Amino acid sequence: MKTYAYGFPRLGQNREYKKSIESFWKRETSKQELVSKIFQLEREIIDKYENSVDKFPVGEMTFYDNMLDTALMLGLYPYKTLEEYYDLCWGKSALELSKWFNTNYHYLIPEFPQDFSPSPQDSANKFKLLWNKPKEAFERYKIGAKRKSRSGGKGIPYMIGPFTFLKLSKGLKSKDFEDSLLALGAIYKEIIKDFPEVHIDEPALVMEISQVELSLFKQVYNEIGHSSKINLFTYYDSVDYLEILYSLPLQAIGLDFVQGKANLDEIRKYGFPEDKVLIAGIVNGRNVLRGNIEYYLALLKELSGYAKNIEISNAGPLYHLPISVKQEKFPPELSGKLAFANEKLEELKTIGRMVEEREPTLKNLEDFKHKIPQDIKRLKEKDFKRAVTFQERRKIQNKVLDLPLFPTTTIGSFPQTPDIRKKRADFRTGKISKEEYKSFIKTKIEELIKLQEDIGLDVLVHGEFERSDMIEFFAEKLEGITTTKNGWIISYGTRCYRPPIIYDDVKRKAPLTLEEIAFAQSITKKPVKAILTGPVTIVSWSFVRDDIPLPLVAYQISLALQEEVKDLEKAGIKIIQIDEPAFREKTPIKKRDWETYFDWAIKSFRLASSLSSPETQIHTHMCYSEFGEILEYIEKMDFDCITIEASRSRGDTLQYFKDINFERQIGPGVWDVHSPVVPEVQDMRQIAENALRVLPAENLWINPDCGLKTRGWKEVNASLKNLVALAMELRKDQFVES
């Protein structure tokens, strides 16, 4: 039985991808050096594929994002240089970021210009093949294979499909969707005709698709399916209309049998056509637990009763995983139970061999023993509610905080400069004492408090200098969670993080943030906002044992945060921000599954803050997500203020809040912190004015759209001064109007 892997992480074992691109941004290396390094990483990935599986895609490598690459291929943006390419990523022309389906990977959203037309007769802004990326990548692959005297045939040109590209783009008029998809079909037909076989990702097929869209999809693939043998991949959920895919001229259909368990029910119902290959995604590409071999074999045995031709694959791209478990040290309970991307390839290789040889060479995963903790069993509905209503809390908090109109603040983190990272590394390796490290952190906090006061911010933060990462920091302080040394994965572009692994009951051993935040509050009369990472985000950005229901894990984290909130209140902290950037991300792809998810997600947030005093203003933060469809659920979280991304969308997101008559306070991000560009007051004012068209002035905060961890001090100082200047202008304007 053949094996087929895809989506291997491009980051590199030592984050060479990140370092090379960022070095180019800083003008420390040339374009030639960057291109050479990226293509070297591409060759290393191909070598891994060739040594592990029978088939794999060629051309997955990107200089930032594959959705952007697809937009450039199809002529949506003019670009000739890498500088122009990166301007669309993080410069003045930067595209919006959004979550890739229900994962923590972000993609750049292609946006169609207002005068775009799919018809060549109507406009100069139309689709055209400006860059044949698949052909270039395949030529590099063939040259490499020839150089290494490899017998070819394993590598298959890769591309994101036309349907997924259009579904995840924005700005296209609904009336033009049909013509656009058909126009794209013609271009894809031109691209794939040069290849005997192609790999096309169409994950949007697991969304809830209208009959009109489905009909268009059929029309396009009936047109292009005869130009090459197409291996069509879906993942992250199940496909609701497999029998439709069966009717198309496809060579193979890739299905996810991990996140898309209903795919098996569909196959039981409709069978599988003999003239097609079923690429069975059975190895979990989104969790680090090793698979159970007996389960794999039993599933493949059942599938073979329906499908004549089967190939074994991963379920979902492997870039959601770190590269290798080697050099990691885990608790004894996890010994032999974890597999990162390298090990998943080996798992595929072993399963393929076992199917042929029936030789159980891989140790089965031993069952964990887990019981529902007593503290979770005792929870009642009243435990998920604050005692005082939002309206009553608002009156109390206005008197206690006495903030000006358009209060200014930041999201939490400040630049993590090399000296901070070095001190943290020295402390972890024992080169400096705990006392010396703490003294260093306090000095940094003192400097930051003074800086914020001098700039004129109204609500201060302590800067999070002691935190390596918003998830990892909390994971290191909670029982039942372990962290990694080199388990990096990409969140977007070159931004990466190390997801913890939740493997046991989660409990708070001691205060998590109290010491640093209490110290910051002790040296200023202005309110200092405490920053906590919320339960939904911690479980979403961690790897969680799949034998424990996620709600139980989230509730345990909520109870730990609840203890932290009470300690912060005792220390005089009046504003506590519980970040939940993953709240939207974790939302199931299909709306029919939303109610179950939002029930426990909302309860998790509310449980963490349910015992807080009415004097305590509870904030939350969310970023780079589509909020419109879920605002009714967001409001049920019962916070007092929310900060959101609005800079790249120029404040357009706020229209959604007007539509539901949102009464709580909002801080729309007026500064895009993912770009080094210092925003001018007028640029930020445009976003604020858009906000004031839909929000009352008394509900509006002025803040960046996310944390400042990745920015430099020079741009931070300049940008914050402009941000405060904006607030001053708005207050003056409001005074004149009144």
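Modeller: Two strands pair if DSSP finds at least two bridges between them; strands (E, at least two residues) and helices (H or I, at least four) are DSSP runs numbered from the N terminus. The model is predicted, with pLDDT of at least 70 needed for local features and 80 or more for side-chain atom pairs, while totals for chains, interfaces and linings use all residues. Residues are numbered from 1 along each chain as its sequence is written, and side-chain values use heavy atoms, without hydrogens and water.

Biologist: Which residue is the bridge partner of Pro57 in S5?

Modeller: Pro57 has Ile156 as its bridge partner there. Strand S2 (residues 56-58) and S5 run parallel and are joined by three bridges.

Biologist: How many residues of S5 are buried?

Modeller: Six of the six residues of S5 (155-160) are buried, and the strand is mostly covered. Buried stands for under 20% relative accessible area with a 1.4 Å probe, protein chains only.

Biologist: Changing topic: in what order do the strands of the open sheet with S15 run?

Modeller: The order is S15-S17-S18-S19-S20, five strands with parallel pairing. Strand S15 (529-533) and strand S20 (665-668) are the edges, each pairing on one side only. From one strand to the next, the twist averages 20°, with angles taken from 0 to 180 degrees between N-to-C directions of lines fitted to C-alpha atoms, for helices over the stretch in contact.

Biologist: Which helix packs on that sheet?

Modeller: Helix H21 (residues 594-609) packs on the sheet and touches S17 and S18, its direction making about 145° with that of S18. Contact requires heavy atoms within 4.5 Å. S17 (residues 575-579) and S18 (residues 617-622) are themselves joined by three bridges, and Ile575 stands opposite Gln617 in S18.

Biologist: Why is H21 largely enclosed?

Modeller: Twelve of its 16 residues are buried, so the rest of the structure largely encloses H21. Among the buried residues are Trp594, Phe598 and Trp600. The cover over the buried residues of H21 includes helix H19 (535-540), helix H20 (550-570) and helix H22 (631-635), as well as S17 and S18.

Biologist: One more residue: where is Pro415 found?

Modeller: Pro415 is in the loop between helix H14 (390-401) and helix H15 (418-428).

Biologist: Buried or exposed?

Modeller: Pro415 counts as buried, because its relative accessibility is 1%. Leaving aside residues up to four places away in sequence, Pro415 touches several residues, including Phe465, Leu708 and Trp713.

Note on methods. Buried means under 20% relative accessible area, exposed over 50%, partly exposed in between (1.4 Å probe, protein chains only).
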